[in-house]
Every structure is written in structure tokens, then in C-alpha cells.
Amino acid sequence: MSDNLKLNRRHLMLGASGGAAVLALGACSRTEEGGGGGLLEEAQDGGKLRVAYADEAPYAYTAEDGSVTGQSVDTYIYILDQLGISADQIEWKQTKWESLIPGLGSTHDMVVAGMYITPERCEAVAFANPDYIMPDALMVLAGNPGGWTTLNDMAETDGVIGVMNGTSEYEVASAIFDEERINVQANLDALMLELKAGRCDAIGLTSANLKLAAEADAEVEVTEPFWLIDPESGEEIIGAGAGVFQPGDSDFRDAVNEEVATLLEDTATWEGIVSPYGFTADVNHPEGLTAEDLCPDTYQ
């Protein structure tokens, strides 16, 4: 990883509305004087904990049986249990992505959604340290007839890249591809139809999302993972996800950080939790990366 990390902003509309999120939180956040660790103490005393998620596989989503599952969900069920907060105390609140941060303190107490840590978001909330990192990949037709490897390298060819609107892949592609070589769709299902129809040569997205889709479709495959390169700085764009708290609940966040560190030191246990969702130590372990590393000027 680069020492000067840039950030992958999955769902950029939230990063762009960081100021609005700060204002929305201002009316309902616990203050340092009045918060006093109340949420953590209440939960450790057996109280309910309202946890929001955005229904996005493989991070946090509703399974066919109605249960809430995913890499981030299972990780935080484990971490909260280490803090004396049992799974049956958690009230899962399925929430629109754009409402995850503004709803903190009103409709829910914390967010477990695999949310990427960005400086804009750090202005509004207290992030725990990352419990995973996530590189990108390309989805291609089976056999990879074009020999595509990375999104940035593909820009030097005549290939057409498929991207989802509002993602870091869209942002990078817009800077390095000619407009007519970018196929923009609203979701991965639509992009896969474009790929199979020959209207794009590869799809750029996070490797976990692409692998999950490719497992169910023999017509496509996924390349080796890679980090996007910021076209302005030349630095790698590192996507790192974590739990999210109100700034007034930073004591809860700090307690979670201790458990995150302990879990990540026990690689076998961490991998046992996340491997069912396609995560591996070689690709997804954050290796000591902290939220403060990613938000040096806005961490709280």
C-alpha cells in the first residue's frame, strides 16, 4: 500500500453530501459532556442496540430466510459479543444507503454496512478502525478473450469499460477513458447484460461484488484483484470498511477498536468469520491500517 492513501468512495453521493450529513447529525448527536459512554453502557447492561445496514451483499444484507447476514454483520456480531453485547440485543434496521449517516442517533445507534472510511464521512461520524480492505477487479467474458487486467491499463487500449454510476470506478474511468468508451449503468445486473451483448469489454467494480455474481454465471469470470490508481496523484486508491458511530459515542468506538485489533491479530479467527463471503487474508486483511490513517485531518 502507499503511505499516502487515497480512498475508494463506494456510493460517492454520500461522500459528496458530507456537509449535509454533518448538519443532520448536529441535532441528534450525543455531546462529549452529555454522552458519557451511555450507549455502550446501556448495551452492556442488556439494552437494545439499533444497527443500520443497507442490504448490500456481501457486506450486510437480508438473506432469503429473512435473517441479516454478511461479512460486516458477522464480524460485528463477533466483536459486540466480545464486549458483552449478545446478538439477540441487536435490532437490525434496513436503511437506504444515503440515510445511514444522517439517521445516526434518530433511527439507529450505529451502522454496520461495510462503509468505506473517507475524509468527508469522518467529518460527520466516528469510524472504527477498518476490519477489511477491498481491491477492485474486472468482470470479463469466460476465458477473458481481450486479456484485460486492470481498469487503468485498459484505458491505454481501445476497450470499452462498464461501470456503475456514482462509484469510484466511474470517477476514475471518467478521468482516463474517452467518453464513448465508458458504458454507464445503474447496477451490476444491467452491466452484465451489456457485457454479454458485446457493448462493453469488461466491468470494473469491487472484487467481492464481482466474484459473488460470477459464481452464479458460467459465462463470465473475474480477473485478479488490483487497486485503482488515482489519475491525478498516481497513488493507489485503498477501500477500507468499518463500523460507524456518532462522535459522541467515541468511547463505544474505542472499545470496538480494541476488539477489532485483537480479532485482526488472530488471523485464523478473522478469516473463519469472513471467508464464507469470499474474503481472504492475502487480499482483504487491513494489516494495521487505522481510520485515523485514512482521515488524518478529519478523524474524530
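Visitor: How many salt bridges are there?
Guide: The count comes to six salt bridges, each being a side-chain nitrogen of Lys or Arg within 4 Å of a carboxyl oxygen of Asp or Glu. Keep in mind that this is a predicted model, where side-chain atom pairs count only at pLDDT 80 or more and local features need pLDDT of at least 70, while totals for chains, interfaces and linings use all residues. Residues are numbered from 1 along each chain as its sequence is written, and side-chain values use heavy atoms, with hydrogens and water left out.

Visitor: Which residues are linked in a network?
Guide: Salt bridges link Lys196, Asp217 and Glu219 in a network. In the pair Glu219 and Lys196, the closest N and O atoms are 3.8 Å apart.

Visitor: And where do Glu219 and Lys196 lie?
Guide: Glu219 lies in the loop between helix 10 (207-214) and strand 13 (220-222), and Lys196 in helix 9 (residues 188-196), so the pair ties together parts that are 23 residues apart in sequence. Helices (H or I, at least four residues) and strands (E, at least two) are DSSP runs, numbered from the N terminus.

Visitor: What about Arg253, buried or exposed?
Guide: Arg253 is buried, at 3% relative accessibility. Its salt-bridge partner is Asp254 (2.8 Å, N to O), and Asp254 is partly exposed at 36%. Buried means under 20% relative accessible area, exposed over 50%, and partly exposed in between (1.4 Å probe, protein chains only).

Visitor: Switching topic, which salt bridge does Lys93 form?
Guide: Lys93 pairs with Glu91, with the closest N and O atoms 3.9 Å apart. Lys93 is partly exposed, with a relative accessible area of 31%.
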